[in-house]
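Q: I have a model open and I'd like to learn how to read it feature by feature. Could you walk me through it?

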Amino acid sequence: MPRKTIDVLLVEDDPGDVLMTREAFEHNKVRNTLTVMADGVSALAYLRKEGEHADAPTPDLVLLDLNLPRMDGREVLQALKADERLRAIPVVVLTTSEAEEDVVRSYALHANAYVTKPVDFDAFITVVRQIDEFFVEVVRLPQH
């Protein structure tokens, strides 16, 4: 059975982490579409199809960093899950924070998963592959 392709929105301001995520997708032969937004305001505009993002696809999955400029990931998560049109999109918080308060708050805001980014490239690739396998091969995502 061929793998389905999904649209992934990566909300990440660190160019190194963006590069590692892209490389992890390529390394794993992930055919998913990866769109990157570098701050929370742009991410919400993309999700809401505002302005230049009017024709943007609705992502099947959001990978969300917490520490973002302009609007942090917690605020993005809260706005996304409060929006009736967007709340069904799974959100994986993918962040360097290991703080228990961030874990608890993310789940309270209805994150679907909380993953601490490994610093090691090979471990990072493994984590991205596992997220991909879970959301592409294991779970059923809602249709848009």
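**Reading the sheet, the helices and the salt bridges**

A: Let's start with the sheet: five strands, 5 in all, form an open sheet in the order E2-E1-E3-E4-E5, with parallel pairing. Keep in mind that this is a predicted model.

Q: Which strands are the edge strands?

A: Look for strands that pair on one side only; here those are E2 (33-37) and E5. While you're there, follow the twist, which averages 20 degrees from one strand to the next.

Q: Over how many bridges do E1 and E2 pair?

A: E1 (residues 7-11) and E2 pair in the parallel sense over 5 bridges. To pick out one of them, find Val11, whose bridge partner in E2 is Met37.

Q: Which strands does helix H5 lie across?

A: Helix H5 (residues 121-138) lies across E3 (61-64), E4 and E5. Against E4, H5 runs at about 175 degrees.

Q: Now a helix on its own. Which residues of H4 are buried?

A: The general idea comes from helix geometry: an α-helix has 3.6 residues a turn, so residues three or four places apart point the same way. In H4 (residues 100-108), the buried ones are Asp102, Val103 and Ser106. Looking down the axis of H4, you'd see these buried residues fall within an arc of 100 degrees, so they line one face of the helix.

Q: And which exposed residues sit on the face of H4 turned away from its buried side?

A: That face carries Glu100, Glu101 and Ala108. The buried residues, for their part, pack against helix H3 (73-82), strand E4 (91-95) and strand E5 (113-116).

Q: Where is His110, and what is its phi?

A: His110 is in the loop between H4 and E5. Its phi is near 75 degrees, a positive value in a residue other than glycine. His110 is also exposed, with a relative accessible area of 55%. If you want a distance to check on screen, the C-alpha atoms of His110 and Gly40 are separated by 17 Å, though the two residues are 70 apart along the chain.

Q: What is the phi of Arg70?

A: Arg70 has a positive phi too, near 70 degrees, and this residue is likewise not a glycine. You'll find Arg70 in the loop between E3 and H3.

Q: How many salt bridges are there in the whole structure?

A: A search finds 9. One of them joins Arg70 to Asp39, with the closest N and O atoms 3.3 Å apart. This pair links distant parts of the chain, 31 residues apart, since Asp39 is in the loop between E2 and helix H2 (40-47) while Arg70 is in the loop between E3 and H3.

Q: Are Arg70 and Asp39 buried or exposed?

A: To sort them, use the cut-offs: buried is under 20% relative accessible area, and exposed is over 50%. Arg70 is at 63%, so it counts as exposed. Asp39 is at 9%, so it counts as buried.

Q: Which residue does Asp102 meet in a salt bridge?

A: Arg74, at 3.1 Å, N to O. Asp102 is in helix H4 and Arg74 in helix H3, 28 residues apart, so to speak a link between distant parts of the chain. Both residues are buried.

Q: Where do Arg129 and Glu133 lie?

A: Both are in helix H5, 4 residues apart, about one turn of the helix. Arg129 is partly exposed at 29%, and Glu133 is partly exposed at 30%. Elsewhere, salt bridges that share partners join Glu12, Asp17, Asp65 and Lys117 into one network.

Note on methods
Residues numbered from 1 in each chain as written. Predicted model: local features only at pLDDT ≥ 70, side-chain atom pairs only at ≥ 80, totals over all residues. Heavy atoms only, no water. Buried < 20%, exposed > 50% of the residue type's maximum accessible area, 1.4 Å probe, protein only. Helix = DSSP H or I, 4+ residues; strand = E, 2+ residues; numbered from the N terminus. Arc of directions from axis to C-beta. Contact = heavy atoms within 4.5 Å. Pairing = 2+ DSSP bridges. Axes fitted to C-alpha atoms, helices over the stretch in contact; angles between N-to-C directions. Salt bridge = Lys/Arg side-chain N within 4 Å of Asp/Glu carboxyl O.
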